[in-house]
Amino acid sequence: METQTATATQTRSSGENARDRFIRKTRELFAKETDLDKRWNGLRPVLAELLSDPDMIEASKKWPDCVPANGRAENLLFYEDPDYGFAINGLTKGQARQGVAARIHDHAHIYTLYGVIDGHEKVVRYDRLDDRSKPQYAQIKEAENVLCGPGDIDLVKPYEIHTELTVGERTVAVIIRSQKGGDFNQGRYNPETNEYYESLGPRQTPCDMMAK
Ligand SMILES: [Fe+2]
């Protein structure tokens, strides 16, 4: 208890909110850890702290619903780091997204840390079975299907195939990417037809992360 009280007092006196603290700690980690796997695994506890912050949880309830349009998903863009290039996104799935199947995809060359802050959803992972020799063809198989809730964090490494499925409630995620999405193609997979294609990632809508 004493430690928590001391931390809260310190935060108030320094004026550093949850967002700014996350950015500072992420920049410190990126400055000292250049091995990408170690860097992104090392970011887990930093994101966990952000996901458990009461002010952050409160703010996330006010983020607008993301709306897919013209074949593209939407992400809220909270921050893009000028030096390290990482980006902080929000992804809200409201009423309109319930029961709508999300596309199975990868994130191309980037690393992503996906953290649920509110609600529950299923994270489904796939293995790729073919040898990647045929264009527009990919054979994939479900490898993991996990129900995630507040505080759960999934590390998505380059080209890992996955999707998130709603389970009938609003879900909100905080997503940290090694590079802002939307400017490069990501892989798309159809396990029924074995079709593979690429298209641009989510459009980025600037938004205030600490929305009051
Ligand atoms: Fe994804």
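My entries follow, from confidence to sheet to core.

**Ground rules.** I number residues from 1 along each chain as its sequence is written. The model is predicted, so local features need pLDDT of at least 70 and side-chain atom pairs count only at pLDDT 80 or more, while totals for chains, interfaces and linings use all residues.

**Confidence.** I looked up pLDDT, the predictor's confidence in each residue, from 0 to 100. Its mean over the protein chain is 93, and 94% of residues reach 70 or more. Over residues 1–11 it is below 50. Where pLDDT is low, the predicted coordinates should not be read in detail.

**Sheet.** I took helices (H or I, at least four residues) and strands (E, at least two) as DSSP runs, numbered from the N terminus. Strands pair if DSSP finds at least two bridges between them. I found an open sheet of 6 strands, with mixed pairing and the order β7-β4-β9-β2-β1-β12. Its edge strands are β7 (153–156) and β12 (203–206). β1 (residues 74–80) runs parallel to β12, joined by 4 bridges, and E74 stands opposite R203 in β12.

**Core.** Which residues have the most contacts inside the largest nonpolar core? They are L47, L50, I117, A173, V174 and I176, in a core of 32 residues. Such a core is a set of buried Ala, Val, Leu, Ile, Met, Phe, Trp, Tyr and Cys residues joined through C-beta atoms within 7 Å; buried means 20 or more other C-beta atoms within 10 Å of a residue's own, with C-beta atoms placed from the backbone. Its largest share, 5 residues, comes from β9.

Definitions and conventions: Two residues are in contact if their C-beta atoms, placed from the backbone, lie within 7 Å. A residue is buried if 20 or more other C-beta atoms lie within 10 Å of its own, exposed if 12 or fewer, and partly exposed in between; C-beta atoms are placed from the backbone.
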